[in-house]
Amino acid sequence: MFIQSKQKQLDLSTPRVMGILNVTPDSFSDGGKFNSIDAALKQAQAMIDAGVSIIDIGGESTRPGAPEVNLEDELARVIPAIKAIRKAHPEVWISIDTSKAQVMRQAVEHGADLINDVRALQEPGALEVAAQCQVPVCLMHMQGQPRTMQQAPHYDDLLADVTSFLNERTTACEQAGLKRDMLILDPGFGFGKTLEHNYQLLEHLDKFHQLGLPLLAGMSRKSMIFKLLDKAPAESVNGSVVCATIAAMKGAQIIRVHDVNETIEAMKIVSMLKASGV
């Protein structure tokens, strides 16, 4: 299995690490650390040196309760970072983490290879723009909106509801002109889920392979880990790597993380285990 964007192709036969680069002042774990070009370039270099496959650039925090960011502010945060990283590292995959159609369009025009949308192309114009851009898209499940999603999440059947949503969005993408082999699915850990919901998703993550598309798992430093361990988000590296390892063992092809070095070491072990079982 692989994904292709323009002239790039990424082999997903072994787990790939997507490094998080938030160029925001308020993200829950690393807000304010990389919201200058120099800091973003330095962090991108460090992640590439560690062996990251994709750098996921985001300009709007989607933590519970986060305020919305207007279009102009989001563009001012992400486009200079994309341009600088693309110029310095033409080979690395760049993902734009956004739900806004105009951010998607400009990000791809300036070198982004992949669209990562927590709202699964449901915002105005997003589906149409993604189809015009013709780059891979990650569709994520979220119940509610970031400001309110953790107030009282409820499901009649968690796995069935998430599967149904991802199926519906996949169909919408295909009807809009995105080929099926350009889609990646994310069950949305931490987005409108209780702690118990998150671990139920992780336990049954392999069931989503029935949809026949690559899976992205993003649990890094989220409340499902730091609340369980009674730690601050930045202190939950060990738990994050454990969850990443479990996801990879259950077949997730892309693992989205803050702690790149530690996760890449874990993925090397996962890959060796999988290769030894052939």
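This briefing describes the strands, helices and selected residues of one structure.

The model is predicted: local features require pLDDT of at least 70 and side-chain atom pairs count only at pLDDT 80 or more, whereas totals for chains, interfaces and linings use all residues. Residues are numbered from 1 along each chain as its sequence is written, and side-chain values use heavy atoms, with hydrogens and water left out. Helices (H or I, at least four residues) and strands (E, at least two) are DSSP runs, numbered from the N terminus.

**The open sheet**

- Eight strands form an open sheet with parallel pairing, in the order S8-S7-S6-S5-S4-S3-S10-S9; two strands pair if DSSP finds at least two bridges between them.
- At the edges stand strand S8 (183-186) and strand S9 (216-217), each of which pairs on one side only.
- S9 runs parallel to strand S10 (residues 254-257) and is joined to S10 by 2 bridges; here Leu216 lies opposite Ile254 of S10.
- Strand S4 (residues 54-58) is linked to S5 by 5 bridges, and the two run parallel, with Gly58 opposite Asp97 of S5.
- Strand S5 (residues 93-97) is mostly covered, as 5 of its 5 residues are buried (buried means under 20% relative accessible area, exposed over 50% and partly exposed in between, with a 1.4 Å probe and protein chains only).
- On one side of S5 the buried residues are Trp93, Ser95 and Asp97, and on the other they are Ile94 and Ile96.

**The hairpin of S1 and S2**

- Strand S1 (residues 2-5) and strand S2 (residues 8-11) pair in the antiparallel sense over 4 bridges, and Ser5 stands opposite Lys8 of S2.
- The hairpin has 2 residues between its strands, and Lys6 takes a positive phi near 55°.
- In a regular strand the side chains alternate between the two faces of the sheet.

**Helix packing**

- Helix H3 (residues 101-109) and helix H4 (residues 126-133) have axes that come within 8 Å and cross at roughly 15°; axes are lines fitted to C-alpha atoms, for helices over the stretch in contact, and angles run from 0 to 180 degrees between N-to-C directions.
- H3 is therefore roughly parallel to H4 (angles under 35 degrees count as roughly parallel, over 145 as roughly antiparallel, 65 to 115 as roughly perpendicular and the rest as oblique).
- Ala101, Met104, Arg105 and Val108 of H3 meet Ala126, Val129, Gln132 and Cys133 of H4, where contact means heavy atoms within 4.5 Å.
- By class, this contact of H3 with H4 has 6 nonpolar, 1 polar and 1 charged residues (Ala, Val, Leu, Ile, Met, Phe, Trp, Tyr, Cys and Pro count as nonpolar, Asp, Glu, Lys and Arg as charged, and the others, Gly among them, as polar).
- Helix H5 (residues 158-176) packs against helix H6 (residues 195-203) at an angle of about 70°, with the axes 10 Å apart, which makes H5 roughly perpendicular to H6.
- Leu158, Leu159 and Val162 of H5 make this contact with His197, Gln200 and Leu201 of H6; the residues divide into 4 nonpolar, 2 polar and no charged.

**Individual residues**

- Thr263 is found in helix H9 (residues 260-276) and counts as buried because its relative accessibility is 1%.
- Apart from neighbours within four places in sequence, Thr263 is in contact with Val17, Val241, Ala244, Ile255 and Val257.
- Ala39, in helix H1 (residues 37-50), is partly exposed, with a relative accessible area of 22%.
- From C-alpha to C-alpha, Ala39 and Ile82 are 13 Å apart in space, and they are 43 residues apart in sequence.
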